[in-house]
Amino acid sequence: MENLFDLFIRNVFVENMIFAYFLGMCSYLAVSKTVKTAVGLGTAVIFVIIVTVPVNWLMENYLLRAGALKWLGSSFADVDLSFLSFLLFIAVIAAMVQLIEMVIEKFAPALYNALGIFLPLIAVNCSILGASLFMQEREYGTIAEATVFAAGAGVGWALAIIVLAAIREKLKYSNVPEPLRGLGLAFILTGLLAIAFMGFGGIEI
Amino acid sequence: MKHWKLLTNPLNDENPITVQVLGICSVLAVTVQMKPAIVMAASVIVVTACANLIVSLLRTTIPPRIRIIIQLVVIAFLVILVDQVLKAYLYDVSKKLSVFVGLIITNCILMGRLEAFAMNNRPWESFLDGIGNGAGYGMILIVLSTIRELFGSGSLLGYQVIPEGFYKLGYVDNGMMILPPMALITVGIIIWVQRGYNRKLIEK
């Protein structure tokens, strides 16, 4: 159990999706103007990432990997479909986003209204596909590990966007050189935050 | 010459990176050296142009409810092609780019342009728009990688540019430049310079 907890903490802080891998940057920079929308998008990302990574883990282990089709019979034992992983992962993500959207709309209309446009946008958030590809690359042994990794990655992403949004809200009242206002400053801020997060880099958990 | 605008607009006034904020992730990751940056720029130009063309040809037959899946399948198909070609002919560069070729699929430039342009414009215009946006993206990639490789490792395209004598006098390569946070800060400064010249882009 301790192992899973370590995995979670490591993925929130040390291997943060934004500050260590720089994935999901576009929506991170574009949607971080106010804390309220940042919280909405952050929640949606956590949600989608926790659903898609375990599903893609199943795909990877029972369909794509070399020898993964063994359960169909010994004649399939040496089939390697891993070249299809991009296609299948992205199809799973797009389908899951669509499905989650419909489910939330039906059963939790309040949450649906709060997330609004962000839910469909998540299909092209690179941190989601990135998480699935990292899951494949790191070869997590069990579905529990994959799920905890996904939760850590999602929470780390949400944390990062909320931090940036809070800082940008404060900065609205500062006197910044005109051409630097908005986007330029957001980039520089993210750079500084990333340098701060590099402090976690040496920690062995 | 209205077609000319489709090619030149994304280079400055509507640059995908500095104005539309599309496709940032890969910019940070592949610009430590110039060679992977150039390969990445070329791959993205090919994929944006072809994806725009294909989706524009299909635009009247795609049902709106499932368009995201169809667009992603077209993109993923093209990206797999590019990935396999790179693995066959430029294996070492393809190793360096690692997951980022795969992540072209979710490079928001693609989805963004497909949604905003290719879904309601004719194939030829869409093709040009794809090339223009790919080139605008590639331009920033190459500027950024030049700065980072020159100051970070003292070389350009792998050839040593800063002479030995400088190092003997105490010049040291700036190790910060190789790290991703510096890429963000450099992009911030590029935006600052661009908006300094092109004042209509300044945010209110």
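Buried area is the accessible area, taken with a 1.4 Å probe, that two parts lose on being put together, summed over both. For chain A and chain B of this predicted model, that area comes to about 3,600 Å², with carbon and sulfur atoms giving 82% of it. Three residues stand out on one side: A:Phe86, A:Pro179 and A:Phe187 supply 18% of the area that chain A buries against chain B, more than any other three residues. Counted by contact (heavy atoms within 4.5 Å), 38 residues of chain A meet 41 residues of chain B.

As for the numbering, residues count from 1 along each chain as its sequence is written, while chains are lettered from A in the order in which they are written. Because the model is predicted, local features need pLDDT of at least 70 and side-chain atom pairs count only at pLDDT 80 or more, whereas totals for chains, interfaces and linings use all residues, and side-chain values use heavy atoms, with hydrogens and water left out.

Chain A itself holds 9 helices and 0 strands, where helices (H or I, at least four residues) and strands (E, at least two) are DSSP runs numbered from the N terminus. Its C-alpha trace spans about 70 × 45 × 35 Å along the principal axes.

What about charges across the interface? The rule for a salt bridge (a side-chain nitrogen of Lys or Arg within 4 Å of a carboxyl oxygen of Asp or Glu) picks out 1 between chain A and chain B. It pairs B:Arg199 with A:Glu178, whose closest N and O atoms are 3.0 Å apart. On chain A, the elements that give two or more residues to the side touching chain B are helix H2 (25-30), helix H4 (85-107), helix H7 (126-138) and helix H9 (183-197). H9(A) gives the most, with 9 residues. That side of chain A has 27 nonpolar residues (Ala, Val, Leu, Ile, Met, Phe, Trp, Tyr, Cys and Pro), 4 charged ones (Asp, Glu, Lys and Arg) and 7 polar ones (the others, Gly among them).

Then there is the largest pocket, lined by 20 residues, with A:Ser85, A:Phe86, A:Gln136, B:Asp83 and B:Lys87 lying nearest its centre. Here a pocket is an open set of points on a 1 Å grid over the protein atoms alone, where a 1.4 Å probe fits, with protein on both sides within 12 Å along at least five of seven lines; lining residues have an atom within 4 Å of a point. H4(B) gives the most to this lining, with 4 residues. By class, the lining has 7 nonpolar, 6 polar and 7 charged residues.
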